[in-house]
Amino acid sequence: MKKTQIVYENQEILVINKEAGISVQGGEKIAHPLDEELSKQLGYKVFLVHRLDKETSGLMIVAKSSESASKWISLISSKKIKKEYTAICFFEPVIDGKKSFEGKITDSIEKSGKTLTAQTYFKLFASKEIFLDDESVKISALHLTLGSGRMHQIRIHLAKAGCPIVQDDKHGNFKLNKKVRALGIKKLCLASTKLTIPNEKENLVFEIELPEHMKTALALLT
């Protein structure tokens with residue numbers, strides 16, 4: 001398995017760049033989860049502070065001890081850590097029946113029979129009409145931040161807003177996913193691209209380039 005890129009390290013945590021297609025935690029039928037493989041890579045056990053979906057790539061925090069994990073989980077819960085995402089989608093968001101370039105999606109998320117409140121903030125920064133076979137489709141690029149952290153939240157919210165993420169195989173547009181695959185875009189176009197964490201004197205800000213499959217998708221808009 002390819003080594004995980006370490007973006008930053010201090011005495012308590014690591015900031016890493018997770019590749020798409022890697023589960024962060026083990027379970028039934030899950031081979032080579034991130035927490036196990038990264039522990040092997042480093043030579044000591046790491047502890048998850050938060051999660052990214054298997055198919056989502058980008059910046060994550062992992063802790064070097066259970067004590068540090070508890071501290072940083074609390075920091076995330078208190079919203080002192082800011083996570084920002086980039087998504088490439090089909091169409092443009094529709095909120096309250098109107099196309100929106102910037103706003104908030106507040107649809108609830110269902111989990112284990114419970115209805116949970118959730119908020120996703122978005123800003124569209126590029127869009128273009130392209131042809132996929134004989135069909136004209138608008139592709140858009142969005143910057144996203146979270147008001148809550150529910151499982152698959154961004155994917156569910158954008159799908160409900162009529163703006164499914166390219167190559168979302170669960171909540172997306174399966175017909176268009178198949179067509180765009182012919183252009184070489186075969187992975188979910190969602191990445192955690194910017195992370196701001198508290199520090200003693202001033203916040204530390206980490207930002208990464210888009211993964212290659214998302215660069216390919218974004219190039220369609222130029």
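A pocket is an open set of grid points with protein on both sides within 12 Å along at least five of seven lines. In this predicted model, the largest pocket has a volume of about 1,300 Å³. Its lining comprises 37 residues, and those nearest the centre are Arg-51, Leu-52, Gly-149, Arg-150 and Met-151. Two or more lining residues come from each of the helices α2 (66-77) and α3 (153-160) and from each of the strands β5 (82-90) and β12 (135-146). Sorted by class, the lining of the largest pocket holds 14 nonpolar, 12 charged and 11 polar residues.

The second largest pocket has a volume of about 410 Å³. It is lined by 21 residues, with Lys-2, Asn-17, Lys-18, Glu-19 and Pro-211 closest to its centre. The elements contributing two or more residues to this lining are β2 (13-18), β4 (57-63) and α5 (212-219). The lining of the second largest pocket consists of 8 nonpolar, 7 charged and 6 polar residues.

Two of the elements that line the second largest pocket, β2 and β4, are also paired with one another: they run antiparallel and are joined by 6 bridges. Within β4, Ala-63 stands opposite Ile-13. Strand β3 (residues 47-48) also pairs with β4 in the antiparallel sense, over 2 bridges, and Leu-48 has Val-62 of β4 as its bridge partner. The pairing of β4 with strand β13 (residues 190-197) is parallel and spans 2 bridges; here Ser-57 stands opposite Ala-191 in β13. Strand β4 is mostly covered, with 7 of its 7 residues buried.

Notes:
Residues numbered from 1 in each chain as written. Predicted model: local features only at pLDDT ≥ 70, side-chain atom pairs only at ≥ 80, totals over all residues. Heavy atoms only, no water. 1 Å grid on protein atoms, 1.4 Å probe; cavity = no way out; pocket = protein on both sides within 12 Å on 5 of 7 lines; lining within 4 Å. Points joined across faces, edges and corners; volume = space filled by probe spheres on them. Helix = DSSP H or I, 4+ residues; strand = E, 2+ residues; numbered from the N terminus. Nonpolar A, V, L, I, M, F, W, Y, C, P; charged D, E, K, R; others polar. Buried < 20%, exposed > 50% of the residue type's maximum accessible area, 1.4 Å probe, protein only. Pairing = 2+ DSSP bridges.
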